[in-house]
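This briefing sets out selected features of the structure shown below. The points are grouped by topic for quick reference.

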Amino acid sequence: MNLHGTHRFRAPRERVFAAIRDPGTLMAVIPGCEAVAQVDPETYEGRITLRLPGAVGSYRTTVRLVDVVPPERSGLEGRVEGAMGSIAGRADFTLADADGGTAMDYRGSGTIDGPLARLDSRFAERLAESLIAQGLRALDLRLATEGSE
Amino acid sequence: MTVSHYYLPASVPEALGLLGAHGPELLVIAGGTVAMPLINEGISLPVRVMGLRRAGLDGIERTGDELRIGATATLTGLLALDAIPMLREAAARVAGWSVRNMATVGGNLFTPPPGGDVATALLALGARAVVTGPAGDREVPLAGFWTGFMTNDLASDELLTGIVVPLEPGRATCVKFGRKQANTPAVVTVAVHLAMDEDGETVRTARIALGAAGPHPVRMARAEAALAGTRLEPAAIAESAAAAAADCEPFTDAVASEWYRRRMVAVFVGRALTVLAQPASPASGRGA
Amino acid sequence: MASVIVSFELSGREVEVMVKPMTTLQAVLRTQLGHTAVKDGCRQGGCGSCTVLVDGEPMLSCLLPVQDIAGRRVTTVEGLTPAEGLHPIQKAFLEANGFQCGYCTPGMVLLAKALLDHNPEPGRDEIVDALAGNACRCTGYDPIIEAISKAAATAAAGAAR
Amino acid sequence: MTTESGAGLHTVGRSVERYDGVGFVTGRTQYAADLTFPRMLHLKVVRSPSHHARIRGVDLSEAQEVPGFVRALTHADVPHNVYTILGLIGVEPEEEFVLPVDRVRYKGEPIVAILAETEAAAYEAVAKVRLDLEELPAVFDMDEALAPGAPVVTHWGNNTFMYEGHECRRVRYGDVEAGFAAADAIVEGEYRTSPIEHAPLETTGCIAVPEANGRFTVHTNSQAIYFSLDNTSIILQLAANRLRFIGGTVGGGFGGKVDVIVEPLATLGAMLTGRPVRYVYSRSEEMQVSSTRSAEIIRIKDGVMADGTIVARKVTGMADCGAYSRQTPYAITKFAANATGPYRIPNAWVDAYCVYTNRTPTSAMRGFGVTMGHFAVEVQMDKIARLCGLDPWTVRFRNAHRNGDIKPHRKATADATLIETMQAAAELVGVELAPELRAMTSAPRDAVASAPRDAVAPAPRDAQEGDR
């Protein structure tokens, strides 16, 4: 399973990077997120619930920040686990200044285990990329409105 | 089944009560043609499930200049419909007879691409989703119903209870290109509705919706704009088809590659518009 | 998880079954009621070998929780077959060799029954449309289409007499 | 050689009602998986999500807690944990495990089997088995698999089946290079085909039932019922007379049900639990893991004379065996023997490779090994016809085998009927053959005056050194 994507934020990259590390923000922007806790400076545990056509369920997530170089880039090692199986892997994202805002590029790969692995792996890729895109859009909106207060 | 409870509510209030009691962990199904394969295969392992087949949501009625379709009206039910021929075309090309007797119009909105031919047609018809929750009904234009691949605007305590379709005069067609003539997922589905000027020859506003060319059925704004004010001359059709091919977001799956889908978007948008460009074209010319 | 009692009419007689929640009509017919003419080709709605008639209309029993059809009329090939001899549609399949391995045949026979009830004299295109959801991996479909045309013809001839 | 006319025959040519037809139209025919037994267990397999990986661990702790879970079957439970599909006919090596010990080589390969009271419980338990796999590089393309440095799929170190010390099955007859040199023209072609899944409507499956007398009755839809019985007997180290296989009614096979895949595990489950065990593929298992026809790459180089006569043919064929041999090494031998087509080739060279990749293992399917070879040869014949300005019939008639022609593998052609068949076919489709073609027969060449001119005297030297 391979993921990649880009996103433009209106906010500068320092605020984007800080927001990504803030449990409160993560809770608000991650689709279906019901709990996020920072267990140590680099590690977050949480729970998301997804209502997908034909399959509903909640998933335990653990994400650790690695090779952190704020506000430029960071690595994420993570695992998502629940009824439909598990996805474990690593993603890396870079943040670059782009005419007043921020251009994010992310790339990641992981292995799927459990029932989800029996589906076409492109299916899981499209689902993951779509959920990530929704989260980044919500983050952009939140930073833009926060900024204007 | 590892299912501990399967509820069959007899009314919408009863269904909303069950949603309220069990919330996000309650799987909702209607015709079962999306959920049951995943359950039969042991991929989806729900514990509590609610079926809507008996919840009284399968009516289709015409009120003034709108068609109100119950969320669990079957696709076969659409085939008996004279009001909107294009909907009949879309429903006729989904799966086979038995599945059309089971699959529901509401369910088609939740069918991941490359499925969702009827949803694509409804999008081109400017339909609205009727969403019912504890606080009552709200209507969502279909373009805003989908939030991403397999995700939508419903809260966990809300149900899709119906679809409202405006009965707008104009020229409309739905063309599905699959690897076979029937019972096959789409390489691409194109649904078009053209509202014409009084002269009946000039396009006032166009709606072009694509299926299997994005994370969900998508409207092609630039391709629509390329037709406004034209008389569907070949150049206008070519420009519109090129815009659709450029703006769509096709994907690769077992049916077709992203590369092939993008090219077929250009071909079939062009063919759909060419069918509608025929002078005395019947209200629902049928494409390839 | 408590089982539930469901009753429905099966080929003319009332049946009552006790099932785990959401057990499919296919599983009930095949493993509890002995109607193994209802086949088990894919359980994904793609092959049609599990086709049954519910109130005369074809449906896929593998996608149908039995609770959904409580109180309704279910017909399988076992129900179509008379005590003596064969139903005209079955005879037509036999004469036209509308089968090779036989696994799709029950589904095709029931579809033919439903089609002829709707349209006694279907053309080839209407037969093909009706069969579109049922797969056959052996015959290439022509013998099946011919069998259904033959059944329609004999029925029409019979009606004409 | 006269073709039988239809006269005086009782059955041939008439449409006869099939005795098993009544069972089909009434649905009374009993297929293996139609049976249900009291206390029957359901077997579901935990399959590898990776194409190529080392198995570091299998954690069953959560799966065992699922209500309805009965037991798991691991490689340690299998008495002789190796498939012997071709071992019975002396084709070695036996290299595919019934349940792998430390490595999986294709996506979907079985790792551990789960036995449970109901299918739903089995699926839930399968979903809760935790696999600890270390991903290894995988290869899916034959040319890449043969290139140096490619990931190694087999356990003997290179990615081809070894035929008597050679990397490919070889046929040498005459001198192709001399033939090419003497030819008026050279025609080359590369032909590629994809794997094909049989997709029978009835999926592969069986039910193993322990009998009171210690024997096991196995209801199976295998196409090779005694082949399966023998292999199950070896794998379970159980005397063959302890096994009674019942089948013969197959809901579509097309060669897809000869792999002896489900019977050993189901019977093992019945042995260890004393209860009937049902192991039937789901549709996605049938598509993903049941064997397919091999993908093939066939490269042909021909030396031809102006009159369309072929004087030399060099064929390099590769079949994608997938991760394990099964029946493909045998298919390659069949390919090599038929690679040059039903035509007289005075100078022939055939190299036929059985190539291993991390794809689903391939096996039998409707004339496997030969079918795709004919596709390639017949397209090549059309190319020759176009090049020589001849019609495709003439090129085929002039090269067609006749009785007495020596085939590249040194067998004399006997009972040849290609010429007569083509003549009958031409008549059926209303093609007017040239007199030369109408006059031809399959009689030995030297017995008939109008034998085509031999451009190059064939030099069938004795079998070359190293060819045995």
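Predicted model: local features only at pLDDT ≥ 70, side-chain atom pairs only at ≥ 80, totals over all residues.

Which residue is the bridge partner of B:Leu194 in β13(B)? It is B:Ala206.

**Sheet of chain B**

- Chain B contains an open sheet of four strands, arranged in the order β11-β12-β13-β14 with antiparallel pairing.
- The edges of this sheet are β11 (171-178) and β14 (218-219) of chain B, each of which pairs on one side only.
- Within the sheet, strand β12 (residues 186-196) and strand β13 (residues 203-211) of chain B are joined by eight bridges in the antiparallel sense.
- B:Leu194 and B:Ala206 are bridge partners, the latter lying in β13(B).
- Helix α7 (residues 117-124) of chain B lies across β11, β12, β13 and β14 of chain B, and runs at about 20° to β12(B).

**Fold and dimensions of chain C**

- Six helices and five strands make up the secondary structure of chain C.
- Along the sequence, these elements of chain C follow the pattern β-β-α-β-β-β-α-α-α-α-α.
- The C-alpha trace of chain C spans about 55 × 35 × 25 Å along its principal axes.

**Helix pair α3(C) and α4(C)**

- Two packed helices are described by the angle between their axes and the distance between the axes.
- Helix α3 (residues 88-95) and helix α4 (residues 105-118) of chain C pack at an angle of about 130°, and their axes are 10 Å apart.
- Angles over 145 degrees would count as roughly antiparallel and those of 65 to 115 as roughly perpendicular; α3(C) and α4(C) are therefore oblique to each other.
- The crossing of α3(C) and α4(C) is right-handed.
- The contact is made by C:Ile89, C:Gln90 and C:Phe93 of α3(C), together with C:Thr105, C:Val109, C:Ala112 and C:Lys113 of α4(C).
- By class, the residues in this contact of α3(C) with α4(C) are four nonpolar, two polar and one charged.

**Contact of chain C with chain D**

- In this contact, 29 residues of chain C meet 24 residues of chain D.
- On the side of chain C that touches chain D, α2 (77-80), α3 and α4 of chain C each supply at least two residues.
- The residues on that side of chain C comprise 15 nonpolar, ten polar and four charged.

Methods: Residues numbered from 1 in each chain as written. Chains lettered and ligands numbered in written order. Pairing = 2+ DSSP bridges. Contact = placed C-beta atoms within 7 Å. Axes fitted to C-alpha atoms, helices over the stretch in contact; angles between N-to-C directions. Parallel < 35°, antiparallel > 145°, perpendicular 65-115°, else oblique. Left-handed = near helix turned anticlockwise from the far one by under 90°. Nonpolar A, V, L, I, M, F, W, Y, C, P; charged D, E, K, R; others polar.
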